[in-house]
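Please have a look at the model first.

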Amino acid sequence: MRTENTLVYHAPATDWLEALPLGNGRLGAMVFGGRMLPGTPAGGAREHRFQLNDGSAWSGSPHSQDLDPHFSREQASGILAEGRRLIREGDYAAAHETLKELQHRHSQSYLPFADLFLTIALPDLQGGADRAAQADPPAYSRSLDLARAVNSTAYVVDGHTVSVEAFASHDPSVLVISVGTDAPHGLDLTLRLDSQLRVLRRTGPPASGPASAGLELKLPSDVPPAHDGGAVEYSDDDSLSLQGAVTVAWEHNGTEAPADDGGLAATGARRAVVYVTTETTFCGLGRQPEGSAAEAAETARETLAAAMAAGQAVLLARHEDSHAELYDACSITVTAPAWQGSSTAHRLVAANEHPHGPLAADPGLAALLFNYGRYLLISSSRTRAPGSRKGTAWRGTPANLQGIWNDELRAPWSSNYTTNINLQMNYWGAEPTGLAACAGPLFALIEAMQETGAATAREYYGARGWAVHHNSDIWGYSKPVGHGAHSPEWSFWPMAGLWLVRHLWEHLRFGAGDSPGNGTGTPAGFARDTAWPAVRGAAEFALDLLVEFPDGTLGTSPSTSPENSFTAPLRDGGTGRAAAAESSTMDVALIRDVFLMLGSLAGELGRETDPVVTEARAALPRLPEPTPGRGGRLREWLADPEEWEPGHRHVSHLYLAFPGDAPLTPALETAVGASLDGRGDESTGWSLTWKILLRARLRQPHKVSDLLRLYFRDMATDRGGQSGGLYPNLFGAHPPFQIDGNLGFVAGFAECLVQSHRSAGGVPEIELLPALPPELPDGAAHRLRARPGVEVDLVWKDGQLTGATLTSPTARTVLIRHGGTVQELHMEPLQATVLNLASFGPVGASA
């Protein structure tokens with residue numbers, strides 16, 4: 001067996017999707033690796049670009065939600081009532097148009113922050129003509145060590161090595177870049193900062209102290225989505241946007257030299273260490289910014305001073321320990337011949353040439369992508385370091401559509417929080433792979449949304465509780481977007497809060513607080529202080545949203561199923577497209593889930609008589625059950641209309657199978673499978689990973705294999721449409737890049753190996769190797785997590801389980817399912833229990 005912890009390339013990145021990501025949950029960097037400057041002779045100067053992001057660098061402010069249009073309760077109620085009437089009368093197309101009247105504006109955008117350009121050249125001692133005469137191109141390599149979270153670049157110039165190593169320290173939040181060479185006369189170095197944002201002030205080297213430079217920045221007050229048109233706006237009113245700063249300082253053993261544009265320059269340096277940090281006036285999710293760019297710059301300088309006082313060696317050791325605490329919490333390895341090559345991008349292309357698919361050629365790619373996905377979540381979603389001047393108000397920002405990395409002022413879909421699948425998928429792998437601590441920023445966003453969402457619930461629905469629609473941002477934006485012009489199939493969907501609280505619920509089910517160092521406190525404390533108010537508020541909104549139908553059942557109307565639509569009759573006798581009907585299966589499944597969560601939490605906390613619990617308990621049996629419909633597929637709406645786009649990428653109605661955990665009868669399992677068959681396999685990257693998870697839940701390993709073959713395609717081939725795959729740096733393609741596919745794959749691989757959502761008679765069931773893909777016949781998993789907080793180690797060979805060890809932090813009894821056999825297992829606290837596999841049937845036996 002071998003570990004798969006390194007991405008390696010033999011040339012600099014020429015494109016953002018070839019660059020390699022670093023991040024500490026707040027500060028992100030895409031490292032390009034030193035391109036040859038145009039017109040430079042062989043072996044000459046290389047420019048190393050570090051494209052910088054700050055997790056708090058978004059446009060707008062909390063005021064963004066308060067911009068026009070506003071609706072009186074009477075206006076909103078009238079629009080909803082009219083939509084409901086039209087749906088009841090079967091005029092779905094008219095209802096579709098009516099619901100556009102409820103649309104607000106847009107969420108705000110995640111922004112690029114700055115660029116650092118480090119130019120490295122040997123002093124011109126030999127002359128350019130001699131260098132140009134070199135016969136061989138200089139040796140070159142760049143790599144990303146996932147286990148250490150360190151990026152390395154090395155090349156040879158005139159027979160001398162140049163090395164550049166970078167990492168993103170979490171505490172203090174600093175990007176540290178080390179440059180070294182064995183050239184006797186050292187290197188000529190220059191540093192330059194730039195930004196796509198409005199630069200208020202450039203600061204050059206100070207008269208005394210470490211050499212430093214910086215930019216003071218103003219962020220836009222409004223950035224509309226690229227597909228909506230409109231201009232990027234800046235406001236003179238500082239309350240409407242953030243300000244920020246980026247600051248760089250260095251130490252070296254060369255000589256300072258004059259520099260242009262307020263940058264830094266040195267000559268004759270054999271060793272240099274560059275320290276970079278960012279700061280903004282962000283004060284917490286949903287909170288009003290405070291301070292100025294000048295104050296942010298002063299804080300940045302203080303951060304750099306602390307980093308330089310510690311020194312590169314201390315910061316690196318501290319960084320590696322901090323990263324390993326999370327990264328080493330879980331691992332998957334595969335048995336495969338060692339890959340021999342110098343380019344991960346070429347490795348992916350070569351694997352795709354195999355007639356039986358990429359993983360048949362190179363099984364190690366599955367372990368590499370699993371490790372990479374966990375690395376990306378660690379790097380883009382961590383609680384802010386305890387030394388922050390902003391204290392507990394800022395607990396970090398969640399991973400957005402692109403994690404923490406973005407180089408476009410108007411990124412695809414604003415690189416925002418898309419809450420009808422993508423934000424949730426980012427965190428599906430956190431609990432089962434030992435990264436529960438990375439979910440802290442998501443929990444903080446859910447808390448902020450409860451305040452903004454309460455205002456939206458009142459204004460739009462006259463409801464209690466809180467409601468969030470399908471787009472949000474760090475301000476907790478919660479209104480329906482669209483500017484009155486976009487389709488309700490995605491803009492009219494107020495159920496995001498009900499989906500998001502499942503993450504709080506799963507955190508408890510996976511044993512929140514049972515394991516030391518998970519940063520979440522005791523299970524009872526998390527249930528009482530975090531989960532209860534969020535779930536109760538979501539249940540209140542659901543109760544007020546429900547309408548009674550003539551048969552006495554409860555449901556939702558108007559009701560959409562993100563982001564699908566159906567064929568509807570038109571008044572002229574033709575057919576058209578519509579998206580709102582009565583009681584989408586997803587709506588009802590989410591409401592049922594929240595009511596069940598609320599009842600369970602109430603029982604644990606002694607709140608069974610709470611009036612909302614009483615209401616939910618009475619409403620629960622009146623919700624319609626999911627049933628098969630056309631072609632044996634699961635109904636997407638109660639009336640089961642004909643699908644407008646049968647191969648649509650969203651499978652929202654299958655939520656109940658994953659991430660939901662509704663008990664599936666054989667008939668429902670068949671209907672879920674038929675729905676997946678009807679949708680087809682081909683789709684976007686994130687959709688492929690959702691389907692992997694659903695096929696795993698259905699225990700269909702060969703179907704999982706079909707999807708893996710598509711997900712591991714290289715994007716060097718333009719297939720058009722919405723065909724997912726992997727870019728050269730292994731970022732997942734929607735296309736374009738979205739990180740949810742990478743992070744969803746982590747959950748998908750884990751779900752193929754261990755499932756724990758079922759129970760029998762109140763006893764949790766843990767199933768081992770329920771959907772092992774046949775391309776991965778030999779391997780091992782270490783410390784996968786299963787509900788209710790059990791760690792699982794597995795070894796398998798030739799597709800059969802050969803070893804299994806389970807460890808629980810507390811005494812408990814669980815059921816173990818494998819190969820058609822179920823056995824009861826009693827576990828003692830912190831004692832590893834090795835299963836007797838002789839008593840289980842082989843994989844593939846009837847379940």
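A contact here means heavy atoms within 4.5 Å. This is a predicted model, in which local features need pLDDT of at least 70 and side-chain atom pairs count only at pLDDT 80 or more, while totals for chains, interfaces and linings use all residues. Residues are numbered from 1 along each chain as its sequence is written, and side-chain values use heavy atoms, with hydrogens and water left out. Helices (H or I, at least four residues) and strands (E, at least two) are DSSP runs, numbered from the N terminus.

**A glycine in a strand**
- Gly23 belongs to strand 2 (residues 20-23), and its contacts, not counting residues up to four places away in sequence, are Gly28, Ala168, Ser379 and Trp405.
- Gly23 counts as buried, as its relative accessibility is 13% (buried is under 20% relative accessible area, exposed over 50%, and partly exposed in between, with a 1.4 Å probe and protein chains only).
- Between the C-alpha atoms of Gly23 and Ile378 there are 8.0 Å, although the two residues are 355 residues apart along the chain.

**Backbone geometry**
- His734 and Pro735 are joined by a cis peptide bond with omega about -10 degrees, and Pro735 sits in the loop between strand 26 (732-733) and helix 19 (740-753).
- Another cis bond runs from Arg787 to Pro788, with omega near 5 degrees; Pro788 is in the loop between strand 30 (779-786) and strand 31 (790-797).
- Asp158, a residue other than glycine, has a positive phi near 50 degrees and lies in the loop between strand 8 (150-157) and strand 9 (160-169).
- His483 has a positive phi near 55 degrees and is partly exposed, with a relative accessible area of 41%.

**Cavities**
- On a 1 Å grid over the protein atoms alone, a cavity is a set of points where a 1.4 Å probe fits but cannot get out, and lining residues have an atom within 4 Å of a point.
- Grid points are joined across faces, edges and corners, and a volume is the space filled by probe spheres set on the points.
- Lining the largest cavity are 24 residues, of which Trp428, Pro432, Glu506, Phe510 and Arg787 are the closest to its centre.
- Helix 12 provides the largest share of that lining, four residues.
- The second largest cavity holds about 160 Å³ of space; of its 18 lining residues, Arg633, Leu634, Glu636, Asp640 and Glu643 are the closest to its centre.

Conventions:
1 Å grid on protein atoms, 1.4 Å probe; cavity = no way out; pocket = protein on both sides within 12 Å on 5 of 7 lines; lining within 4 Å.
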